Amino acid sequence: MTTDQLDQVPDERTLALERLKKRRDLQGHAVAYVVINAALWAIWAVTGAGYPWPAWVSGAWAVGLVLNAWDVLARSPITEADVEREIAQLRHQH
């Protein structure tokens, strides 16, 4: 690896801070989901509990929350080995 490549590789502290920020953002997203959806369902219940329109908001938002959780908790980070493998494939194609 050249000096320029080493300069571009994030250090462990930077990677740890990025992961912590993503987790904290996910927590905020989850809290907002619960609070806002609770308020919407309370409004629905107080105003006559007819057609359950908050289900549309809750469902659509849940999809976004699940995708955010997957990105933060389950998706593996790109490693240097991944980058090297991709470079090798690109070179092989040409």
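Apart from neighbours within four places in sequence, Ser58 contacts Tyr33, Asn37 and Trp41 (contact: heavy atoms within 4.5 Å). The model is predicted: local features need pLDDT of at least 70, side-chain atom pairs count only at pLDDT 80 or more, and totals for chains, interfaces and linings use all residues. Residues are numbered from 1 along each chain as its sequence is written, and side-chain values use heavy atoms, with hydrogens and water left out.

Ser58 belongs to helix α3, residues 54-74. Helices are DSSP runs of H or I with at least four residues, numbered from the N terminus. Ser58 counts as buried because its relative accessibility is 10%. The cut-offs are under 20% relative accessible area for buried and over 50% for exposed, with partly exposed in between (1.4 Å probe, protein chains only).

The buried residues of α3 are Pro54, Ser58, Leu65 and Val72. Seen down the axis of α3, these buried residues fall within an arc of 55°, so they line one face of the helix. The arc is that of the directions from the helix axis to the C-beta atoms. An α-helix has 3.6 residues a turn, so residues three or four places apart point the same way. The buried residues of α3 pack against α2. On the other side of α3, Trp56, Ala60, Val63, Val66, Leu67 and Ala74 are exposed.

Two packed helices are described by the angle and the distance between their axes. The axes of α2 (residues 12-46) and α3 come within 10 Å and cross at roughly 170°. Axes are lines fitted to C-alpha atoms, for helices over the stretch in contact, and angles run from 0 to 180 degrees between N-to-C directions. The crossing angle therefore makes α2 roughly antiparallel to α3 (roughly antiparallel: over 145 degrees). By class, the contact of α2 with α3 has 17 nonpolar, 5 polar and 3 charged residues. Ala, Val, Leu, Ile, Met, Phe, Trp, Tyr, Cys and Pro count as nonpolar, Asp, Glu, Lys and Arg as charged, and the others, Gly among them, as polar.

Gly64 also lies in α3. Its relative accessible area is 31%, so Gly64 is partly exposed.

Ala49 sits in the loop between α2 and α3. Phi of Ala49 is near 50°, a positive value in a residue other than glycine. Ala49 counts as partly exposed, at 36% relative accessibility.

Methods: Helix = DSSP H or I, 4+ residues; strand = E, 2+ residues; numbered from the N terminus. Parallel < 35°, antiparallel > 145°, perpendicular 65-115°, else oblique.
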